[in-house]
Amino acid sequence: IPVLGMGSDFSNGITFYETMRMTTSLSAGSGGDISETFESTDTGNPAKKLIGGSGMSASSGIFTFPATGMYLLLTGVRYYADADISYNAHTIKTTNDNFSSNDIEVDKTFSSWGSHSGSNNYEAMHCNYVFDCENTSTHKFKMRYASTGTITVAGNTDANETYVTVIRIGDT
């Protein structure tokens with residue numbers, strides 16, 4: 001009976017995963033970078049596997065990887081509005097030059113809210129992308145939002161409302 005195994009080009013499996021969440025809400029207006037403070041999920045029993053004890057870092061909404069490799073980025077954004085909003089978008093943007101000049105939109109989710117009136121209109125949007133981090137100093141990512149009205153991007157230090165899960169799926 002043949003034994004099934006990994007292919008000869010397999011070098012390693014998942015060696016890192018972490019979820020980070022935005023800690024406070026962002027009175028966002030109608031578009032821009034999601035640049036609030038992010039923390040590693042620390043409530044409940046969060047699953048996390050770090051590389052040499054090091055995790056993701058985030059500064060002004062720009063995320064830095066702990067090591068080179070191929071990463072699966074899973075992002076979620078929760079919006080709030082007290083008015084009719086007909087369009088929202090959530091985007092992952094990547095760079096290979098530390099956002100000096102290269103700002104690449106890699107995945108965008110669009111949504112149409114239709115007819116909302118009054119208050120407490122919530123919506124969640126998700127994006128995902130596989131990114132090759134060849135250099136941790138220059139290869140990074142951030143999230144953006146856009147809307148036809150004034151929104152709040154929800155953050156919470158006790159729950160994953162606006163968040164990113166990063167999974168290292170292999171070597172670069």
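Trainee: Which side chains meet in a salt bridge at 3.2 Å, N to O?

Mentor: Remember that this model is predicted. In it, the side chains of Asp 33 and Lys 142 form that salt bridge.

Trainee: Where do Asp 33 and Lys 142 lie, and what does the pair tie together?

Mentor: Asp 33 belongs to strand E2, residues 26–33. Lys 142 belongs to strand E10, residues 140–153. The pair therefore ties together parts that are 109 residues apart in sequence.

Trainee: How do I read burial here? Is Lys 142 buried or exposed?

Mentor: Look at the relative accessible area. Under 20% counts as buried. Lys 142 has 9%, so Lys 142 is buried.

Trainee: How many salt bridges does a search of the whole structure find?

Mentor: The search finds six. One of them joins Asp 42 and Arg 21, with the closest N and O atoms 2.8 Å apart. Asp 42 sits in the loop between strand E3 (38–40) and strand E4 (57–59), while Arg 21 sits in strand E1, so this pair ties together parts 21 residues apart in sequence.

Trainee: Is Arg 21 buried or exposed?

Mentor: Arg 21 counts as buried, at 1% relative accessibility. Asp 42 is partly exposed, at 48%.

Trainee: What about Asp 171? Which residue forms a salt bridge with it?

Mentor: Arg 168 does, and the closest N and O atoms are 2.8 Å apart. Arg 168 is buried, at 7% relative accessibility. Asp 171 is partly exposed, at 36%.

Trainee: Now strands. Which strand is joined to E11 by six bridges?

Mentor: To read a strand, ask what it pairs with. Strand E1, residues 16–22, is joined to E11 by six bridges, and the two run antiparallel. Strand E6, residues 69–81, is joined to E11 by seven bridges, again antiparallel.

Trainee: Which residue of E11 is the bridge partner of Tyr 17?

Mentor: Ile 167 is the partner of Tyr 17. Ile 167 is also the bridge partner of Leu 72.

Trainee: Why is E11 described as largely enclosed by the rest of the structure?

Mentor: Count its buried residues. Seven of the eight residues of E11 are buried, so the rest of the structure largely encloses this strand.

Trainee: And how do side chains sit along a strand?

Mentor: In a regular strand they alternate between the two faces of the sheet.

Trainee: Which residues make the nonpolar surface patch of about 320 Å²?

Mentor: Ile 14, Tyr 17, Val 130 and Ile 169 make it. Ile 169 is found in E11, residues 163–170. Its relative accessible area is 37%, so Ile 169 is partly exposed.

Trainee: What is Phe 65 in contact with, leaving aside its neighbours within four places in sequence?

Mentor: Its contacts include Met 56, Tyr 71, Leu 73, Phe 131, Phe 141 and Val 166.

Trainee: Where is Lys 93, and is Lys 93 buried or exposed?

Mentor: Lys 93 is in strand E7, residues 88–95. Lys 93 counts as buried, at 13% relative accessibility. Leaving aside neighbours within four places in sequence, its contacts include Phe 99, Asp 103, Glu 105 and Lys 142.

Trainee: Last feature: backbone angles. What should I expect of phi?

Mentor: Most residues other than glycine have a negative phi. Ser 60 has a positive phi of about 50 degrees although it is not a glycine. Phe 99 has a positive phi too, of about 60 degrees, and is not a glycine.

Trainee: Where are Ser 60 and Phe 99 placed?

Mentor: Ser 60 is in the loop between E4 and strand E5 (62–64). Phe 99 is in the loop between E7 and strand E8 (104–111). Ser 60 counts as exposed, at 56% relative accessibility. Phe 99 counts as buried, at 17%.

How values were computed: Residues numbered from 1 in each chain as written. Predicted model: local features only at pLDDT ≥ 70, side-chain atom pairs only at ≥ 80, totals over all residues. Heavy atoms only, no water. Patch = residues over 30% accessible without salt bridge, like charges linked within 9 Å, V, L, I, M, F, W, Y side chains within 5 Å. Areas by Shrake-Rupley, 256 points an atom, 1.4 Å probe, with all protein chains shown as cover. Salt bridge = Lys/Arg side-chain N within 4 Å of Asp/Glu carboxyl O. Helix = DSSP H or I, 4+ residues; strand = E, 2+ residues; numbered from the N terminus. Buried < 20%, exposed > 50% of the residue type's maximum accessible area, 1.4 Å probe, protein only. Pairing = 2+ DSSP bridges. Contact = heavy atoms within 4.5 Å.
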